[in-house]
Amino acid sequence: NSGYCIGGIDHLGKKKAEKSKGGTGMIVKNVKVYREDQTFAGGEIRILDGVFEKVCTGAGRGEGILAEKDETVIDGDGAYAIPGLIDLHFHGCMGDDFCDGTKEAIGRIAEYEASVGVTAIAPATMTLPVEELVRILSVAAEYRREEASGQDARIRADLVGVNMEGPFISKMKKGAQDERNILSCDASIARRFLEASEGLVKFIGIAPEESEHSAAFVKEMKDEVHISLAHTNADYDSAKAAFDAGASHAVHLYNAMPPFTHRAPGVVGAVADSPQVMAELICDGVHIHPAVVRATFQMMGAQRMILISDSMRATGMPDGRYTLGGLDVDVVGNRATLVSDGALAGSATNLMDCLRTVVKKMGIPLETAVACASANPAKSLGIYDSYGSVTPGKKGHLVLLDKDLELKAVIKDGKVL
């Protein structure tokens, strides 16, 4: 695998269409390409009509990709070329929150995320009244329909899902969620969420210990949506029973759940013993100690880790007082805490900064961290056929980072921000 070019066929083996008249081509050369085997190799990439068309890497690739007439050529000057990141759990940024429930807020959030190299997003809801959540999800579905029409020329992260953090959670581990709106898991309500979102909802979180019917809920819903354990006080046995019933995801591991101890392993131990479960990690340097991040990667394997930001509306904004789920939050630096009791209230760090933190301060290799912020979330969301790697046939979402992991360029659908 020292050198090769892939292209001309997509990842399903079907012949790609010939370059259409008026089609736009771009070549990104002189970069270290992040390959599907999670290694970097020198090479170049062609993006055609917004899609990765050809990727050449390694010493044996010959002349590489030769530019055609009128193609844009970008010299990456030795930069790392990685797929656009995917944040599947965050609430907002730049003063906006997904639960503000307006298309304008979603658009501004998506614009900011793209600007920092996060090119696909699945924002999270808060524990709000059912009717309000239904309205928020309906707005998101309408935004998605308009996004698909391609009428807006602004470069924004793609809305690829919604992660429902509530309302089926535990009052004991509510964190920054409003306990007045907490409910026991209910399939009829869950289906209202799925219907309102027009399929955008990809995860619904539950606290399995809060209902004797939780296993039945999981079995009934698992083929319609991923069931996650979220804001739960479950012990090992309760959590493991939920995973055995079909729950497949853990929301921000370690946070808003019992601690992992040698006699009471809790949710963390149940995740470790359930190889089919993917787990989110907030790697902002505040929520989880670096030693615990390293230990978790060793214990569970990098293929199951998903880096998330859990960022709230203060991200990208100055220190001050903000709100999350209707609750007041004070933000100082990258630490966000509830005014009422000092509990952590999400983060004030975007996913690209989390990636830098996990590499520079936590000792996770860049090759591993990139997979956990692109390929792994894409697989968990069920969109790996179009996102999450630099592969012919997938969307042309590319981020160039310099040797210090600072942003050099973001390319989305073949357009440079």
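I began with Thr296, which at 0% relative accessibility counts as buried (under 20% relative accessible area with a 1.4 Å probe, protein chains only; exposed is over 50%, partly exposed in between). The model is predicted, with local features needing pLDDT of at least 70 and side-chain atom pairs counting only at pLDDT 80 or more, while totals for chains, interfaces and linings use all residues. Residues are numbered from 1 along each chain as its sequence is written, and side-chain values use heavy atoms, with hydrogens and water left out.

I found Thr296 in helix 7, where helices (H or I, at least four residues) and strands (E, at least two) are DSSP runs numbered from the N terminus. Leaving aside residues up to four places away in sequence, I noted that Thr296 touches Leu253, Tyr254, Leu281, Gly301 and Met305, contact being heavy atoms within 4.5 Å.

I then listed the buried residues of helix 7 (residues 290–300), which are Val293, Thr296, Phe297 and Met300. Down the helix 7 axis they fall within an arc of 100°, so they line one face of the helix; the arc is taken from the directions from the helix axis to the C-beta atoms. An α-helix has 3.6 residues a turn, so residues three or four places apart point the same way. Their cover includes helix 6 (266–272), strand 16 (278–282), strand 17 (305–308), helix 8 (351–360) and helix 9 (366–372). Just after helix 7, I saw that Gly301 takes a positive phi of about 95°.

For helix 1 (residues 103–115), I recorded buried residues including Ala105, Ile109 and Tyr112, and just after this helix Gly117 takes a positive phi of about 95°.
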